[in-house]
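Here's a quick briefing to read alongside the structure. Take a look at the model first, then work through the points below.

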Amino acid sequence: MTSPFGLLAELTYRCPLACAYCSNPLNMADYQDELTTDEWRRVLAEARDLGVLQCHLSGGEPLLRRDLVEIVAEAHGLGLYSNLVTSAIGLSRPRAEQLRAAGLDHVQVSIQADEPAVSDRIAGTPSFQRKIEAMGVVKDLGWPLTLNVVLHRQNIDRVADVLGLAEEVGADRVELANTQYYGWAWRNRDALLPSRTQLEAAEVVVRAARERLRDRMDVIYVISDYYSRYPKPCMGGWASRQLTVTPNGDVLPCPAAQSLPLPRASVRKDPLEWIWAESSVMTAFRGTDWMPDPCRSCDRRELDFGGCRCQAFQLTGDAARTDPVCHLSPDHDLVAGVVRAANADSRPDDLPLIARPHAVRRTGGDPGRRDAARQGRGFTKGGSPP
């Protein structure tokens, strides 16, 4: 067993946006009792002691945590490389300056398209201009800037213009990631899955951009799982390199694993070291002993680790099945059928999206007040570098 080097700290699932491709849990009520500032301090210290080097502060929208500056300062004091993964709504210059002074190392901003009307429609709220302004602040303050764009049927044809926007804002890195179908994205899969023609055209654009921009900007392109011959090595292998801590303290091997029927492990009950080494949620699919055929006898088993457990469960109801993305999977037609439908001549051009509700409120007040309340009642109780 190796030590994890990356912690995804999902500080809150509250968010000012309402993206129809959001992969966060549908059952938001289960995550309203967010970890307090002191609990996050302890989690970060335990993560550092476990070997974690990178801390990705995400959500939801982490800027909705009023204690974000304190959390960043704690990560910096522990020697962790910190990356803010944000919609940039709420990243004013004063807030950004506080985060810079606290030691934040990197900022990753999401944007939905290159054009205001399209971006705002996909985000479910007017946000494009505020994102552009925030990216200007990021560059003014000297941070490295990653621009993240989730690609799908309704924006992938604009990938050349998205890359042009990334150049305009001075992004150091751009991540073009095809949608992963969990959460609201699963509900909207038929409307979001691009056609093969769209994907092929986008890949031509991306290859040319990589060549043209290779000395100025890293261009990362994550292909669509459903069109792959083999599955991607999910998280580099189950519970082998990274871990996620959710807003309520659950610890998971990946951000989508809330959906799996596995025993929960929480930092509110057990030390992070024990959870990583011993808990059922971490050991269930670690290594290769759990694999059924065709994975068990496949010479790729140490390359793709059977694919994504969450995707296998989503599609088959059994997290131990071979990922149906793999062309060798006995369940591959579950994916092939969806791909055929996405490419059918009879498919409507614009299927409606199921709108994700806005999630910006949480019962119980802000984190600072809840810290004080817990203390008053005697409560004691975290890829590659950006």
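Leaving aside neighbours within four places in sequence, which residues is Cys-22 in contact with? They are Tyr-182, Gly-183, Trp-184, Ala-185 and Arg-356, where contact means heavy atoms within 4.5 Å. Keep in mind that this is a predicted model, so local features need pLDDT of at least 70 and side-chain atom pairs count only at pLDDT 80 or more, while totals for chains, interfaces and linings use all residues. Residues are numbered from 1 along each chain as its sequence is written, and side-chain values use heavy atoms, leaving out hydrogens and water.

**The cysteines**
- UniProt, in an unreviewed entry, puts a "binding site" feature at Cys-15, Cys-19 and Cys-22; its positions are given in the numbering used here, feature names are shortened, and annotations may be inferred rather than shown by experiment.
- Cys-19 sits in the loop between β1 (6–10) and α1, and Cys-22 is found in the loop between β1 and α1 too. (Helices are DSSP runs of H or I with at least four residues, strands are runs of E with at least two, and both are numbered from the N terminus.)
- Cys-19 counts as buried at 8% relative accessibility, and Cys-22 counts as buried at 14%. (Buried means under 20% relative accessible area, exposed over 50%, and partly exposed in between, using a 1.4 Å probe and protein chains only.)
- Not counting residues up to four places away in sequence, Cys-19 touches Gln-112, Ile-122, Ala-123 and Arg-356.

**Two helices side by side**
- Helix α1 (residues 37–50) and helix α2 (residues 68–77) pack at an angle of about 20 degrees, with their axes 10 Å apart. (Axes are lines fitted to C-alpha atoms, for helices over the stretch in contact, and angles run from 0 to 180 degrees between N-to-C directions.)
- That makes α1 roughly parallel to α2, a label for angles under 35 degrees.
- On the α1 side, Thr-37, Trp-40, Arg-41 and Leu-44 meet Glu-70, Ile-71, Glu-74 and Ala-75 in α2.

- Ala-166, in helix α6 (residues 159–168), is buried with a relative accessible area of 0%.
- Setting aside neighbours within four places in sequence, Ala-166 is in contact with Leu-147, Ala-171, Val-174 and Met-217.
- Ser-224 lies in the loop between β7 (218–222) and β8 (242–245), and Ser-224 is buried, with a relative accessible area of 2%.
- Beyond residues up to four places away in sequence, Ser-224 touches Asn-178, Leu-193 and Leu-199.

Methods
Parallel < 35°, antiparallel > 145°, perpendicular 65-115°, else oblique.
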